[in-house]
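Biologist: Hi! Could you walk me through this model before I get lost in it?

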Amino acid sequence: MILLWLIAILILAGVLAAVAGRFNAAAPRVISLAALVLDLALCLGLWGRGLSSASRWSEELSWTWVPQLGIHFHLALDGLGLVLILLTMFLGIMAVLASWNGIQRSPGFFHFNVMWVLAGVTGVFLAVDLFLFYFFWELMLVPMYFLIAIWGYQRRIYAAVKFFLFTQISSLLMLIAMIVLVILHQRTAGFYSFDLQDLLATPLAPDMEMLLALGFLAAFAVKLPAFPFHTWLPDAHAEAPTAGSVILAGLLLKTGAFGMLRFVLPLFPHAVQRLAPLMMTLAVLGILYGAILAFAQNDLKRMVAYTSVSHMGFVLLGIFALNPIALQGVVVQMVSHGISTGALFVLAGALNERLHSRELRDMGGLWETMPMLSGVGLFFVMASAGMPGLGDFVGEFMVLLGTYQATPVLSALAALGMITGACYALRLAQKTFLGPNVHHSDFPDARWNERAIAVPMMVCLLWIGLYPQPLLNMIRPAIDNMPRQAVTARR
Amino acid sequence: MTASDLVALSPLILLSATALVVMLSIAIRRHHGASATLALLGLAASFASLRWAASVTPRQVTGLLLIDGYTLFYWGVLLALAAAVVLLAYSYLEHQTGHQEEFYCLMLLATAGGLVLVASSHMASLFLGFEILSVSLYALIAYLHLQRLPLEAGVKYLVLAATSSAFLLFGMALLYSETGSMQLATLARFYMGAPNAALGAAGWAGTVLMLTGIGFKLAVVPFHLWTPDVYQGAPLPTTALVATISKGSVFALLLRWFHPAGSLAGTPVWWAFVIMAAASMLAGNLLALRQNNVKRLLAYSSIAHMGYLMVAFVAAGPLAVQAATYYLLAYVITILGAFGIMSVLCSGEEECCELEDYRGLFWQRPVLAAMFSAMLLSLAGIPLTAGFLGKFYVMAAGASSALWLLLFVLVASSTIGLYYYLRVLVVLFSSLPEDHVKVMLPRGRVPAGAGFSLAVLVILLFVFGLYPAPLWDLIRGISAGIG
């Protein structure tokens, strides 16, 4: 039941915020924040209780939904899901805090959308019924569309429509693949079921398995995004309001990786092995291409967006390295990238609020008047560049280590990404915070909400960077529980 | 004719009687409210008698009408739709000059035509239903005959519909000369290539002509050309009627006709349907992209939706009838809701159906705009709404019959479709222009009847989108008899 509450609280808070927003501008913020804190507390409680070692799921809920087609409202929680819903609630709080002052227009509807997109993300991380998964997958989409299209920057309509269309066409392909899988299962087993556990046993001809895997991968590769399906990302990230960017970069991208881990790897183990060289090559291309483009950007938000392409390349690489160490690295990378990139977007939003510009040429020398914000910024820039001692380094290092066992060449090429990462990070730091204050900008330093965002995010990154063991302990059983043939076959 | 036959026909009889009563009441004294109330009462009585009729079904009433669970289900749907249209039309017609009362008489007749179509098992009843529906629609489309657009649309529809009726009739004659039967079930066996049942040239020509007539009513490509003009020109309640009752009843007929036994797959008729489905999906969605009038946009989108429906229709298999019925139900609820909201918003004599009229609607009328968004998202097939489950079932039906090509056309074209639904959504939620002078209906003045029917439609939209199990069971029950 607690799993249902996690989602229901967000959905109800969204409705409440929308209603309250008609009477009071501050109420939606408070309601959203309270709901997220409550959810975070529930998640921490789940963590504190410890994960069950006996069964695969430490928490489960299954109700019949559409019995005629074997669709169940089936939520289940394992270590992987727990890590990601913790991240969801954490970043959700940050997103609400980041938009505390910035959103003047219809705050009720704004927070309604934030809450519903978070509810969708939470549902995605918990669903183990394919139909339910798709349901939540699409549920994330509409509120995010509204967030970009209503509260975004100048080119928001273009960005929002592009985001929606890219996601929709790829998810319809996934939906067809799901339906075909279910029908094939029905032909052999004699009953309809959308349950992941039932479908795992479906015997598939190699070519059919490949087609279905490609159908699923289409949706996940667009969301991740894998090169060359990334073109929606810079637009969507750059044009979204701060909260939207944080949720997009921090959470929505992770749902793509999560989908691969939860569904593609276990359901299509043979196809995954055949696809691995291709996907890993795309991943390395994404790492380098994203980094090079990030280096060339003059718009702060677009720059951070392209770094996401690069970082998510590591995630894709790790997933298709198909061994436990890389997969653990993937999850660590997902968490730390969510935090560090989320923080960079908060920072970009904070600068935009003051400068009314996202152009690097309007910045420079900000340290002079905003030492605290700049110092914090430097911290997150370094984290994003993979500085040892901070979260991203651990994730990337483990991914590279795992990849090396699979294909040393690609691992070596991917390692170049850490150098290019340093390049764009240093350029970012130099052009914004350091150097002479040529524009004579004089702006107020970090406000209370910006401090409240920065401190926990820095603590988390340091914690993951210095002592990732608790995180790894949480992930490890979930990775071990993956079907054998999917993960260890390459060793 | 036995007493039980009359019982089985009671919904149809009551509905026709209501049309007469409304007409007579107009002759005695004109009163808008009274006519609408009478129409509603008649529809309610007819709906209530469905239960009574169900006690004697399934039953073949004379050679013409087959009353079974399937018929009664669609009768219920059509009657409920008609009631919703009455409620919406009442508030719409209040603002119009000229006589309002005959509208109800005509729309009851159109509904009766739809009822006959759904139940028909014989060419004669098919044609009767077809004509009762068409003739009422001529008048309904041109109902506001003092304005230019409705008149033009009415004439256009009259000419084209009369031509298509002629095609239909000639096709029937040819088929009869070849097969010697007017029973639809017998004809269907010919298409399925049953032994000793091969069609000659005249038979195929007749088939093509009949499909032309039916395709016209459904407005599938290539018989779709009338749709945008008629949708745009007709008064909004009539547009809603054309989009729901007219198309719904013809589709129900088609579904019953071609699914009594076995599958059409691979036959020439089947290929005709496949091509019409693919062409409708693509053409409808592509043509809708550049429309700036919401009625025209929804007209083109309706072409595409008929294409989606046809995917389920050609899929055959156990899922097909159920998927098609579910989709049809979801679609009529959605489109009726969309036109209903538009008719509530059009407060003056002028209809405001240009896309620009809706700019910033959300900031003026948040509830209505949210409802409209829900309808648009349902048309686009986004979860939480009935439209999504409809599309899901259609895809499931298509996949279980391995219609890969059609499914990919469906995916591609519904992504195209999403683009123009998003265009409307963007307009609804964009900021108001600086020199905004045009005032939509003042706040809080949605007429009670229209408001009620809109609320019911929105609730149904979400109920069918979230908890389809009971409806799915019902549909499975009624489709078991025919498929």
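Modeller: Happy to! One term to begin with: helices (H or I, at least four residues) and strands (E, at least two) are DSSP runs, numbered from the N terminus. This is a predicted model, where local features need pLDDT of at least 70 and side-chain atom pairs 80 or more, while totals for chains, interfaces and linings use all residues. Residues are numbered from 1 along each chain as its sequence is written, chains are lettered from A in the order written, and side-chain values use heavy atoms, leaving out hydrogens and water.

Biologist: Let's start with the interface. How many residues of chain B are in contact with chain A?

Modeller: There are 41 from chain B, facing 37 of chain A; contact means heavy atoms within 4.5 Å.

Biologist: And what area is buried between the two chains?

Modeller: About 3,400 Å², with carbon and sulfur atoms giving 81% of that area. Buried area is the accessible area (1.4 Å probe) lost on putting two parts together, summed over both. On the chain B side, B:Trp363, B:Phe392 and B:Leu422 supply 16% of what that chain buries against chain A, more than any other three residues.

Biologist: How many salt bridges cross that interface?

Modeller: The rule finds zero between chain B and chain A. It asks for a side-chain nitrogen of Lys or Arg within 4 Å of a carboxyl oxygen of Asp or Glu.

Biologist: Which elements of chain B touch chain A, then?

Modeller: Those giving two or more residues are α14 (361–364), α15 (366–380), α16 (386–400), α17 (404–429), α18 (448–466) and α19 (469–480) of chain B. The largest share, twelve residues, comes from α17(B).

Biologist: Back to salt bridges. How many are there over all chains?

Modeller: The count comes to 21. One of them joins A:Arg447 to A:Glu353, whose closest N and O atoms are 3.1 Å apart. A:Arg447 sits in the loop between α17 (408–432) and α18 (448–466) of chain A, and A:Glu353 in helix α14 (324–355) of chain A, so the pair ties together parts 94 residues apart in sequence.

Biologist: Nice. Now pockets: which residues lie nearest the centre of the largest one?

Modeller: Those are A:Val15, A:Phe109, A:Phe112, A:Trp116 and B:Phe462, out of 47 lining residues. On a 1 Å grid over the protein atoms alone, a pocket is an open set of points where a 1.4 Å probe fits, with protein on both sides within 12 Å along at least five of seven lines; lining residues have an atom within 4 Å of a point.

Biologist: Which elements line the largest pocket?

Modeller: Those supplying at least two residues each include α1 (2–20), β1 (59–66) and α4 (107–126) of chain A, together with α14, α15 and α18 of chain B.

Biologist: And the second largest pocket: which elements line that?

Modeller: In chain B, α2 (32–54), α3 (69–94), α13 (317–345), α18 and α19 each supply at least two residues. The largest share, nine residues, comes from α3(B). Of the 26 lining residues, B:Phe47, B:Gly76, B:Val77, B:Ala80 and B:Leu460 lie nearest the centre.

Biologist: Changing topic: is the peptide bond from A:Phe227 to A:Pro228 cis or trans?

Modeller: That bond is cis, with omega near 0°, and A:Pro228 lies in the loop between α9 (206–223) and α10 (232–239) of chain A. In chain B, the bond from B:Val221 to B:Pro222 is also cis, with omega near 5°.

Biologist: Where is B:Pro222 found?

Modeller: In the loop between α8 (201–218) and α9 (227–233) of chain B.

Biologist: Last one: what is the phi of B:Thr62?

Modeller: Near 50°, a positive value in a residue other than glycine. B:Thr62 is found in the loop between β1 (59–61) and β2 (65–67) of chain B.
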